[in-house]
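Here are some friendly notes to read alongside the model. Please keep the structure open as you go through the points.

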Amino acid sequence: MLEQKPSLIHRCQLKTNEQVTGTWHCLKLHAPDLCGARPGQFVHVRVGASSDPLLRRPFSIHHVVAEKNEIWLLVRSVGAGTELLLQARPGAVLDLLGPLGNGFPVVDEAAPALLAGGGIGLAPLYYLAWLRRQAGLPFELLIGAASCSDLPADDYFAAQDLHPLYATEDGSHGYRGLITGLLEQRLREGTPPARIHACGPLPMLAGVVELGRRFAVPTHVSLESHLACGVGACLGCAFPFKKGGQIEYRRICKEGPVFNGEEVCFEI
Ligand SMILES: Cc1cc2nc3c(=O)[nH]c(=O)nc-3n(C[C@H](O)[C@H](O)[C@H](O)COP(=O)(O)OP(=O)(O)OC[C@H]3O[C@@H](n4cnc5c(N)ncnc54)[C@H](O)[C@@H]3O)c2cc1C
Ligand code: FES
């Protein structure tokens with residue numbers, strides 16, 4: 001008998017949609033079938049009821065509260081699609097495709113993992129940090145932003161027993177400068193980590209990989225790009241990677257979004 005694959009399409013009721021800071025909102029959804037998602041995986045969301053915009057928009061699993069059958073998305077408004085999604089009110093039913101992608105490895109090692117989230121890149125690392133906390137695995141969570149007004153308040157993290165180190169470019173909270181500066185400081189002064197996990201803009205990820213190389217620490221980076229199908233069919237998200245002296249293209253939505261930092265070709 002043919003085994004039926006579970007459907008990846010889920011109709012999920014929005015429970016709350018609350019502003020976290022500036023243009024960032026946290027959406028909590030009733031999504032029992034998505035509670036097994038791994039940190040770093042994402043859902044591809046239909047942002048409106050009409051065909052405009054036609055394409056779904058990808059969002060990382062920001063947190064899972066399994067006992068409430070709840071997943072959270074952290075959404076920053078940057079354009080028409082995210083603006084429309086953030087207009088959804090509690091009770092609305094959203095169409096989610098997922099969980100998609102590979103996710104970050106959660107490795108049981110005595111040495112800590114350093115988790116570095118730049119801007120909205122903190123979305124998947126929040127859940128990764130929480131899972132590591134639950135499993136008793138050591139980690140440090142580093143968060144970077146231009147200014148403290150671009151960051152969720154400390155309680156947003158403390159509520160999950162997370163206590164990040166902050167880097168702000170204007171020095172308004174924590175380390176003054178880029179998150180890569182703070183990461184370098186931790187690599188010099190902290191317990192040598194087993195690995196670095198990072199999510200954020202490409203220049204930041206390139207800097208993280210460079211630091212990983214200098215300090216001989218493996219890096220795992222979550223890449224972002226515009227996605228169309230989200231399931232590996234259209235090749236619209238192909239990104240260059242280095243493989244045995246050659247360049248090969250891999251799909252961010254299917255082989256990623258998390259990749260070995262050493263293999264990512266940031267130069268192209
Ligand atoms: C795997 C994955 C996970 C993601 N997780 C999150 C998340 O947890 N929270 C979140 O807020 N966003 C996340 N994003 C980014 C999010 O999908 C985009 O911001 C969103 O699709 C923009 O839609 P829009 O219609 O509002 O903007 P558009 O009108 O499509 O674009 C508005 C502006 O944003 C830029 N832009 C749009 N998408 C991206 C992108 N992926 N990378 C860089 N620039 C972009 C455009 O170039 C344009 O300048 C993720 C993306 C990927 C690929
Ligand atoms: S978005 Fe279609 S292959 Fe990745």
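1. A nonpolar surface patch is made up of Ile247, Tyr249 and Ile268, which together have about 340 Å² of accessible area. Patches here are made of residues with over 30% relative accessible area and no salt bridge; like charges are joined within 9 Å and nonpolar side chains (Val, Leu, Ile, Met, Phe, Trp, Tyr) within 5 Å. Areas come from the Shrake-Rupley method with a 1.4 Å probe, and for residues only the protein chains shown count as cover. Ile247 sits in strand β15 (residues 246-251).

2. A word on the basis: this is a predicted model, where local features need pLDDT of at least 70, side-chain atom pairs count only at pLDDT 80 or more, and totals for chains, interfaces and linings use all residues. Residues are numbered from 1 along each chain as its sequence is written, chains are lettered from A and ligands numbered from 1 in the order written, and side-chain values use heavy atoms, without hydrogens and water.

3. Next, the open sheet: its 7 strands follow the order β11-β10-β9-β8-β12-β13-β16, with mixed pairing. At the edges are β11 (175-176) and β16 (258-260), each pairing on one side only. Strands are DSSP runs (E, at least two residues), as are helices (H or I, at least four), numbered from the N terminus; two strands pair if DSSP finds at least two bridges between them. Strands β9 (residues 139-145) and β10 (residues 165-168) run parallel and are joined by 4 bridges.

4. Helix α4 (residues 179-189) packs on this sheet, touching β8, β9, β10, β11 and β12 (contact: heavy atoms within 4.5 Å). Its buried residues include Leu182, Leu183 and Leu187, where buried means under 20% relative accessible area, exposed over 50%, and partly exposed in between (1.4 Å probe, protein chains only). Helix α5 (202-214) is among the elements that cover them.

5. The structure holds 12 salt bridges, each a side-chain nitrogen of Lys or Arg within 4 Å of a carboxyl oxygen of Asp or Glu. One of them pairs Glu70 with Lys15, with the closest N and O atoms 2.8 Å apart. Glu70 lies in strand β6 (residues 70-76) and Lys15 in strand β1 (residues 9-21), so the pair ties together parts 55 residues apart in sequence. Glu70 is buried at 5% relative accessible area, while Lys15 is partly exposed at 33%.

Notes
Axes are lines fitted to C-alpha atoms, for helices over the stretch in contact, and angles run from 0 to 180 degrees between N-to-C directions.
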